[in-house]
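Me: I have a structure open and would like to go through it piece by piece. Can I ask you things as they come up?

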Amino acid sequence: MSLNFVRSVVACLSLSTCMLMPSQAFAAPLSDEAAGAEAADFLSHYLQVDTTNPPGNEKLGAEYLAGLLKKEGIESEIIPTGTDSRACVYARLKGNGKRKGIVLLNHIDVVPAQAKDWKYPPFGGEIHDGEIWGRGALDMKSFGIAALEAMLQLKRKGVVLDRDIVFLGTPDEEVGGQHGAGWVKKNRPDLVDGCEFLLNEGAAIEADSSGKILYWGVDVAEKSVLWLKVTASGDASHGSMPVKDSAPNRLVHALNKLVDAPTELSILPVVQKYFTAVSATAPKELKSSYINLEAAAKDPKQVDLLMQDKLRAAMLRNTVSLTVLKAGYKTNVIPAEASAELDCRLLPGVKSEDFIAHLKGILADDSLKIEVLDWVTAMPSPENSDLFDAIKKVADEESKTNKTTPPLVVPVVVGWFTDSHWFRELGLIGYGFEPFENDPAHQASVHGKNERIPLSVLTKGVYRLQQILLNLSQ
Ligand SMILES: [Zn+2]
């Protein structure tokens with residue numbers, strides 16, 4: 001795209017009168033640059049719809065998106081998910097049915113924002129210095145708008161698609177998805193009938209602080225979530241007469257063993273592939289460890305170094321975080337009960353019962369009660385698929401245009417979880433891939449303050465997504 005064009009869009013959108021004009025309908029296809037500008041206008045308005053979860057109020061966002069689709073003659077359905085204020089928006093661009101469809105999944109809700117901490121209002125959708133600011137600008141209203149804009153452009157161009165493209169905006173992702181994607185899986189799995197692929201948030205195009213692209217990350221698997229409660233019980237007694245094996249003492253002894261347990265690595269083949277691919281980005285002292293993780297796992301010094309990059313370290317092991325501690329109500333009373341909650345994230349393939357047995361061995365106290373508070377199984381998707389190839393092709397084409405070395409397109413196991421698992425459980429091949437380059441400063445604004453996306457990045461994202469869909473559907 002031409003730099004001049006980006007400057008002119010930025011100039012236009014910087015004027016509040018221009019920015020706040022109602023969106024225009026376009027029947028004819030737009031240039032790639034104009035489609036990016038239109039997406040920026042849509043996103044600016046979408047960010048002004050406050051869908052903070054809780055409570056969500058995602059129906060307002062669903063209605064906004066449905067309105068944009070309607071203007072272009074794309075029918076959509078607003079589907080309540082249990083309460084008046086929460087809803088999905090669903091639309092399907094029909095293909096000729098030669099191949100199975102793809103779902104573009106995006107959550108409508110956002111996490112809370114403290115306006116006083118922000119440079120510009122979090123629900124203003126304002127444009128400053130070539131960036132659109134607002135809660136959801138990255139996570140993940142930008143993806144929702146890019147998906148919608150890509151669909152509009154394909155329709156305007158009259159492209160004959162081999163497969164259906166499904167737009168699905170859902171509520172409630174930020175607090176687990178039970179009232180959103182989970183509800184769809186349980187009550188309306190027909191929305192993804194005839195589909196084999198899902199594209200959602202998860203990983204993105206990683207860039208360094210100078211904006212240089214390092215690699216395109218495609219989340220092919222997420223970790224399983226296992227939330228546990230460990231309880232010690234005993235007799236209550238007076239604080240003036242210590243009891244050696246009181247409930248709090250036994251809990252503290254056991255938890256001490258847990259937090260002091262040595263770090264054990266478990267290297268999945270897909271994870272070794274990722275580390276090998278990104279070894280060029282490793283600190284000098286870790287380069288050889290990235291290429292041979294099994295060897296590094298036997299060297300405590302290398303393990304310590306690997307653990308310093310928390311994001312990548314999460315791919316190398318099952319983790320346990322001690323998050324909630326509860327005991328007592330009065331300084332002079334030894335309580336009868338003490339409990340701790342553990343947030344465990346397990347690599348794909350690890351069974352909950354096996355991990356609990358492993359933990360019991362570490363805690364080494366049979367009197368402790370362990371309860372499962374939540375368990376969400378990770379379902380990995382294969383890394384070889386038409387969708388992965390379609391993403392790779394766009395990365396290669398982009399490097400040809402820019403006369404640069406083709407970026408690496410690498411499978412990633414992410415340490416968090418998204419709504420993808422609900423649809424992987426329905427049998428879809430799901431990838432987390434946002435077509436936007438993300439440098440550390442912008443990444444830090446996700447769930448933080450000053451969340452924003454550069455207009456140029458949004459424009460490129462719309463183009464990339466459109467090309468991925470074209471590669472996949474023609
Ligand atoms: Zn998100």
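This is a predicted model: local features need pLDDT of at least 70, side-chain atom pairs count only at pLDDT 80 or more; totals for chains, interfaces and linings use all residues.

Me: OK. Which domains does the chain have?

Reply: The domain assignment gives domain 1 (3–222 + 379–473), domain 2 (224–260 + 318–377) and domain 3 (265–316).

Me: How far apart are the centres of domain 2 and domain 3?

Reply: Their C-alpha centres lie 30 Å apart.

Me: Now helices. At what angle do helix 3 and helix 5 pack?

Reply: Helix 3 (residues 32–47) packs against helix 5 (residues 141–156) at an angle of about 135°, and the axes are 9 Å apart. The two helices are therefore oblique to each other. Helix 3 passes helix 5 in a right-handed crossing.

Me: Which residues make that contact?

Reply: From helix 3 they are Ala35, Glu38, Ala39, Phe42, Leu43, Tyr46 and Leu47. From helix 5 they are Lys141, Ser142, Ile145, Ala146, Glu149 and Gln153. Sorted by class, the contact of helix 3 with helix 5 has eight nonpolar, two polar and three charged residues.

Me: And helix 3 with helix 17, how do they sit?

Reply: Helix 17 covers residues 455–473, and helix 3 packs with helix 17 at an angle of about 115°, with axes 8 Å apart.

Me: Why call that roughly perpendicular?

Reply: Angles from 65 to 115 degrees count as roughly perpendicular, and the angle here is about 115°. Helix 3 and helix 17 are therefore described as roughly perpendicular to each other. Their crossing is right-handed.

Me: Who meets whom there?

Reply: On the helix 3 side there are Asp32, Glu33, Ala35, Gly36, Ala39, Ala40 and Leu43. They meet Leu455, Leu458, Thr459, Val462 and Tyr463 in helix 17. By class, the contact of helix 3 with helix 17 has eight nonpolar, two polar and two charged residues.

Me: What about helix 5 and helix 17?

Reply: The axes of helix 5 and helix 17 come within 9 Å and cross at roughly 55°. The pair is therefore oblique, and the crossing is right-handed.

Me: Residues again, please.

Reply: Helix 5 brings Ser142, Ala146, Ala147, Glu149, Ala150, Gln153 and Leu154. Helix 17 brings Leu458, Gly461, Val462, Leu465, Gln466 and Leu469. The contact of helix 5 with helix 17 has, by class, eight nonpolar, four polar and one charged residues.

Me: Then which residues here have a positive phi without being glycine?

Reply: Asp172 is one of them, with a phi of about 70°. Lys403 has a positive phi of about 55° and is not a glycine.

Me: Where are they in the chain?

Reply: Asp172 lies in the loop between strand 6 (165–170) and helix 6 (181–187). Lys403 is in the loop between helix 14 (386–402) and strand 15 (408–414).

Me: Buried or exposed, each of them?

Reply: Asp172 is buried, because 25 other C-beta atoms lie within 10 Å. Lys403 counts as exposed, because it has 6 C-beta neighbours inside 10 Å.

Me: Last one. Where is Cys344?

Reply: Cys344 lies in strand 13 (residues 337–346). With 20 C-beta neighbours inside 10 Å, Cys344 counts as buried, because the cut-off for buried is 20 or more.

Me: What is Cys344 in contact with?

Reply: Leaving aside neighbours within four places in sequence, Cys344 is in contact with Leu226, Leu228, Asn318, Thr319, Val320 and Phe355.

Technical notes. Residues are numbered from 1 along each chain as its sequence is written. Axes are lines fitted to C-alpha atoms, for helices over the stretch in contact, and angles run from 0 to 180 degrees between N-to-C directions. Helices (H or I, at least four residues) and strands (E, at least two) are DSSP runs, numbered from the N terminus. Angles under 35 degrees count as roughly parallel, over 145 as roughly antiparallel, 65 to 115 as roughly perpendicular and the rest as oblique. A crossing is left-handed if the near helix is turned anticlockwise from the far one by less than a right angle, and right-handed if clockwise. Two residues are in contact if their C-beta atoms, placed from the backbone, lie within 7 Å. Ala, Val, Leu, Ile, Met, Phe, Trp, Tyr, Cys and Pro count as nonpolar, Asp, Glu, Lys and Arg as charged, and the others, Gly among them, as polar. Domain bounds come from an automatic or database domain assignment. A residue is buried if 20 or more other C-beta atoms lie within 10 Å of its own, exposed if 12 or fewer, and partly exposed in between; C-beta atoms are placed from the backbone.
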